[in-house]
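Dear colleague,

I am handing over the structure we spoke about, and my notes on what was found in it follow below.

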Amino acid sequence: MTTPEVRTRAVRLGSRSLAALCLVSAVGVAGFGWPLFADPTSQVAAHAQDAPWLFAGLLVLLVAVVTATISESGLGPKAVAMLGVLAATGAALRPIGAGTAGIEPMFFLMVLSGRVLGPGFGFVLGSVTMFSSALLTGGVGPWLPFQMLAMGWFTMGAGLLPGPDRMRGRGELALLAAYGFCAAFAYGTVMNLAGWPFMGALASNVAFDPHADVTANLARFLAYCVATSLGWDLGRAVVTVVLTLTLGAPLLKALRRATRRAAFETPVTFAPR
């Protein structure tokens, strides 16, 4: 006797989707990292105050292209419905604890969702969730595209972790908790890069110096992170770990059940019993 075996993945990254995702990521890396790599005598440094708006407009367009391309590669009505539910839930979770030591429960939901639903779905979910939460909280500004891209990377990374079909139980929760801890710091660090070059009023030993070399600016940036956001990032990381270890098992089960029932773009195969 045979039984149907259902393996699901909400979004399958085709060649066009992968190319668009690589393109927007490359532009994002340039948008985040230009202060560390621009030549001190270049015109990029001279026009530093214009950079947030330039990259903001470009990133909005590129994220829109990636979202549309991924949608064309198989994001059907059921997947869109799940995307909307998860994005709305994440957006509602974000204001909880806002302004209080990095208590941001939405990050653990993004980790678990990316794990179950795959990297393509994860990138779209992270970006859409951050956009929705910005509309909800009034946090729309030139920083928003950077937040959308960073959260897309954050959620996509969970979908790239090993053993999505085999690893279960405590081992999986430990893996996701470790990823959430590290990725929470990574998210805070890349978001610091988005604003650090434009904090001209800061003390000279941590502010961006357009005339310094990469090594000197990197040291300044690390000092800036320690002085301004280390406590916030640690709070975000700890909250993500605690929620993953305590609520992760039932939520993973619920997400996998919902995915099986939706059966996004999944052909049913029969395995011997």
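Helices here are DSSP runs of H or I with at least four residues, numbered from the N terminus, and in this predicted model one of them is helix α7, which spans residues 170–195 and holds Leu 193. Leu 193 has a relative accessible area of 12%, and because buried means under 20%, this residue counts as buried. Between Leu 193 and Phe 221 the C-alpha to C-alpha distance is 7.9 Å, although 28 residues separate them in sequence.

Phe 181, Leu 234, Val 238 and Val 242 make a nonpolar patch of about 300 Å², to which α9 contributes the largest share, three residues. Val 238, which lies in helix α9, is partly exposed, at 39% relative accessibility.

The other patch carries positive charge and gathers Arg 168, Lys 253, Arg 257 and Arg 260. Arg 257 is placed in helix α9, residues 230–262, and its relative accessibility of 32% makes it partly exposed.

With best regards

Notes. Residues numbered from 1 in each chain as written. Predicted model: local features only at pLDDT ≥ 70, side-chain atom pairs only at ≥ 80, totals over all residues. Heavy atoms only, no water. Patch = residues over 30% accessible without salt bridge, like charges linked within 9 Å, V, L, I, M, F, W, Y side chains within 5 Å. Areas by Shrake-Rupley, 256 points an atom, 1.4 Å probe, with all protein chains shown as cover. Salt bridge = Lys/Arg side-chain N within 4 Å of Asp/Glu carboxyl O. Lys, Arg positive; Asp, Glu negative; His and termini not counted. Charge placed at Lys NZ, Arg CZ, Asp CG, Glu CD. Helix = DSSP H or I, 4+ residues; strand = E, 2+ residues; numbered from the N terminus. Buried < 20%, exposed > 50% of the residue type's maximum accessible area, 1.4 Å probe, protein only.
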